[in-house]
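Thanks for coming. I will go through one structure today, starting with a strand and its neighbours and then moving to a helix.

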Amino acid sequence: MEQAADRVTFDVSNAGGLTVLPSQSMAAKVDWASYEVPSDQIFADDFVYVWAVPKVWAYNTDALAPNDVPASWDDLLDPRWNGGKLSVESRGSFMTVWAQDPALGADAGLDYASRLAELNPHYTENTTQAHTLVVSGQTPVGTDLINLVLEDESKGAPVAVAPVGPTNANKSYLFVADGAPHPAAGRLLTAFLASEEGQSALVDTYNSVIPTNTDCTDAATNRVIGALCDAGVEWFSETDIAQYEQFSDFFPEVEEALGTNVN
């Protein structure tokens, strides 16, 4: 809307998941290589990969004994979780990996979502709300984002990553808005966050670049990678625009399968 009115008020924005495709037309053309952005962090020419947000299943450590923690996608379909014992993000983004991993598959994912819906989970509008329910103990297990889990875990909250995998390590990109009031500053900020120094700062907040697919090499120095590897959770990330186009079809179908596609 701001670009259409020729009154853009922001310099940098981020895109991830379903916002990647519509953000392409909003991004200014930037030669990111000239700003020394690593080639493997430049995406679709005008986006810069700066952090990943792995989607995980989390559990309340006070509510569940170690032997009761779900250890697979199939475990989550156990009847003992029936009646609102699972907090589930209604938009279905936690199902992304089913469209990425050939061993799973989108069709199988839709069938899985239908079976999950039969347990009558506690649906939330977003993942942050699902996380809050797990931390508070209102639901023992729920969909979550690993950075939220690690942040609250570091503060002593009774929450941990469940060993349910594989999962999606959703990539987040920065872009400088076309028509930005301070485009030079926007390019410098984006390049800094992609740099080694910027990444070192982001690691401390559990937000940083991680390998596109499962790689535990840096598990000792990157808490996000370490938590995934400690839990034995494999991950997949996006590799090209075609995958985002696939997601735009898959997510609405997942919502329908979950029964959450209410306008």
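Two strands count as paired if DSSP finds at least two bridges between them. Helices here are DSSP runs of H or I with at least four residues, strands are runs of E with at least two, and both are numbered from the N terminus. By that count the protein chain has 9 helices and 9 strands. The radius of gyration is 19 Å, close to the 18 Å that the globule rule gives for 263 residues, so the chain is as compact as a globular protein of that length. That radius is taken over C-alpha atoms, and the rule is 2.2 Å times the number of residues to the power 0.38.

Some ground rules. This is a predicted model, where local features need pLDDT of at least 70, side-chain atom pairs count only at pLDDT 80 or more, and totals for chains, interfaces and linings use all residues. Residues are numbered from 1 along each chain as its sequence is written, and side-chain values use heavy atoms, with hydrogens and water left out.

Now the strand, β8, residues 167-176. Which strands pair with β8? Strand β1, residues 12-15, runs antiparallel to β8 and is joined to it by 4 bridges; there, Ser13 stands opposite Phe175. Strand β3, residues 47-60, is also antiparallel to β8, over 6 bridges, and Tyr49 has Tyr173 as its bridge partner. Strand β9, residues 235-236, runs parallel to β8 with 2 bridges, and Phe236 in β9 stands opposite Asn168.

Is β8 enclosed or open? Of its 10 residues, 10 are buried, so β8 is largely enclosed by the rest of the structure. Buried means under 20% relative accessible area, exposed means over 50%, and partly exposed is in between, with a 1.4 Å probe and protein chains only. Both faces are covered: one side includes Lys171 and Tyr173, the other includes Asn170 and Leu174.

Take Asn170 as an example from this strand. Its relative accessibility is 13%, so Asn170 counts as buried. Contact means heavy atoms within 4.5 Å. Not counting residues up to four places away in sequence, Asn170 touches Gly16, Gly17, Trp51, Ala52, Val53, Pro54, Lys55 and Glu238.

Next, helix α2, residues 96-100. Thr96 lies in this helix and is buried, at 2% relative accessible area. Beyond its neighbours within four places, Thr96 is in contact with Lys55, Asn168, Glu238, Phe247, Phe250 and Phe251. Where is Phe247 relative to Thr96? The two are 151 residues apart in sequence, yet their C-alpha atoms are 7.4 Å apart in space.

Leu133 is 34 residues from Ala99 along the chain, and their C-alpha atoms are separated by 27 Å.

Finally, the whole chain. Among contacts between residues at least 6 apart in sequence, 75% join residues at least 24 apart. Buried residues make up 50% of the 263. The C-alpha atoms fill a box of roughly 55 × 40 × 35 Å along the principal axes.
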